[in-house]
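The following exercises are to be worked with the sequence and the coordinates at hand. Each task is followed by a solution in steps.

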Amino acid sequence: MHAAPTPPTAWAPPPQAAAEPLARLLMLWGVAPAPAAPVAERLGGWLGWADAIGLSQVLATAPATTVDAAARREACGWADAALQRLQAELLAAFDDAALAAESAAPAPEGLPLAELLAPYRLHHAQQQRSMAARIATLRERLRPRLAEASGALARLAELDLLFERALVAQEKQRLAGLPALLTRRAETHHGADPRDWRLRFWPDLQRALRAELDLRLQPVLGLVEALHQEDAATAAA
């Protein structure tokens, strides 16, 4: 008797240390969620006429039926390794050793809060720029690998490129308020404990960065998951 083939396991994204959705973190910090309009209505407001035309053209074209199993397997391995490496490097950069050590020490007396907060603002801005640039690069490098794997994934890569271009302004707008929110968190901690406020603020900054990373990675995770789902479906057929 031959044993039945083992069904492929579902792909799971690499765990991110202590990540939590940004929306949940904002609610915990007292930011009420904005009323959400229907998805179609929001999408219509975000897409310009050129984007809408491009979207209709992609959706109107039937995806090719070609499948390259070898390219798909290679793309799966490459995507997993690239995603894990990027995530690990970004998380390591968030937890700056020098700034963490400074945060653990009592704050100097006689200095204004704005001056004490400046290194944290700089660190946050640098990490935001790094996340945006490196995730965009990974997304750009991932799309051609999807396009080589199958016609359906090639169509998904086209849609991803279109939405990335159309929604970049929305992403910037959604994240633009984080520095001011972190400043308010620092003011709250400073008001409660002027000497040791940094010890409490540093974890807040780490939570915000990890939550932002979780949000920014969603499109990449979706592409990688689609790649693995098609690979698993083909293996099970």
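This is a predicted model: local features need pLDDT of at least 70, side-chain atom pairs count only at pLDDT 80 or more; totals for chains, interfaces and linings use all residues.

**Exercise 1. Helix 8 and its packing against helix 6**

Compare the span of helix 8 with the expected value, list the buried residues of helix 8, and describe how helix 6 passes helix 8.

*Solution.* 
Step 1. From first C-alpha to last, the 15 residues of helix 8 reach 21 Å, close to the 21 Å expected at 1.5 Å a residue.
Step 2. With under 20% relative accessible area as the cut-off for burial, the buried residues of helix 8 are L178, L181, L182, T183, A186 and H189.
Step 3. Their cover includes helix 1, helix 6, helix 7 and helix 9.
Step 4. For helix 6, the axis comes within 11 Å of that of helix 8, and the two cross at roughly 145 degrees. The crossing is right-handed.
Step 5. At the contact, helix 6 supplies L113, L117, R121, H124 and Q128, which meet L178, P179, L182, T183, A186, E187 and H190 of helix 8.

**Exercise 2. Is R139 buried or exposed, and which residues does R139 contact?**

*Solution.* 
Step 1. R139 is located in helix 6.
Step 2. Its relative accessibility is 12%. The cut-off for burial is under 20%, so R139 counts as buried.
Step 3. Apart from neighbours within four places in sequence, the contacts of R139 are D160, E164, P219, V220 and L223.

**Exercise 3. Salt bridges**

State how many salt bridges a search of the whole structure finds, and examine the pairs E20 with R207, R145 with E74, and R216 with E212.

*Solution.* 
Step 1. The search finds 11 salt bridges.
Step 2. In the bridge between E20 and R207, the closest N and O atoms are 2.8 Å apart. E20 lies in the segment before helix 1 and R207 in helix 9, so this pair ties together parts 187 residues apart in sequence. E20 is buried at 13% relative accessible area, whereas R207 is partly exposed at 24%.
Step 3. R145 and E74 form a salt bridge with an N to O distance of 3.0 Å. This pair links distant parts of the chain, with R145 in helix 6 and E74 in helix 4, 71 residues apart. R145 is partly exposed at 22%, and E74 is partly exposed at 42%.
Step 4. R216 and E212 are bridged with closest N and O atoms 2.9 Å apart. Both residues lie in helix 9, 4 residues apart, about one turn of the helix. Both R216 and E212 are buried.
Step 5. Finally, salt bridges that share partners join R139, R143, D160 and E164 into one network.

Technical notes. Residues are numbered from 1 along each chain as its sequence is written. Side-chain values use heavy atoms; hydrogens and water are left out. Buried means under 20% relative accessible area, exposed over 50%, partly exposed in between (1.4 Å probe, protein chains only). Contact means heavy atoms within 4.5 Å. The expected span of a helix is 1.5 Å times one less than its number of residues. A salt bridge is a side-chain nitrogen of Lys or Arg within 4 Å of a carboxyl oxygen of Asp or Glu. Axes are lines fitted to C-alpha atoms, for helices over the stretch in contact, and angles run from 0 to 180 degrees between N-to-C directions. A crossing is left-handed if the near helix is turned anticlockwise from the far one by less than a right angle, and right-handed if clockwise.
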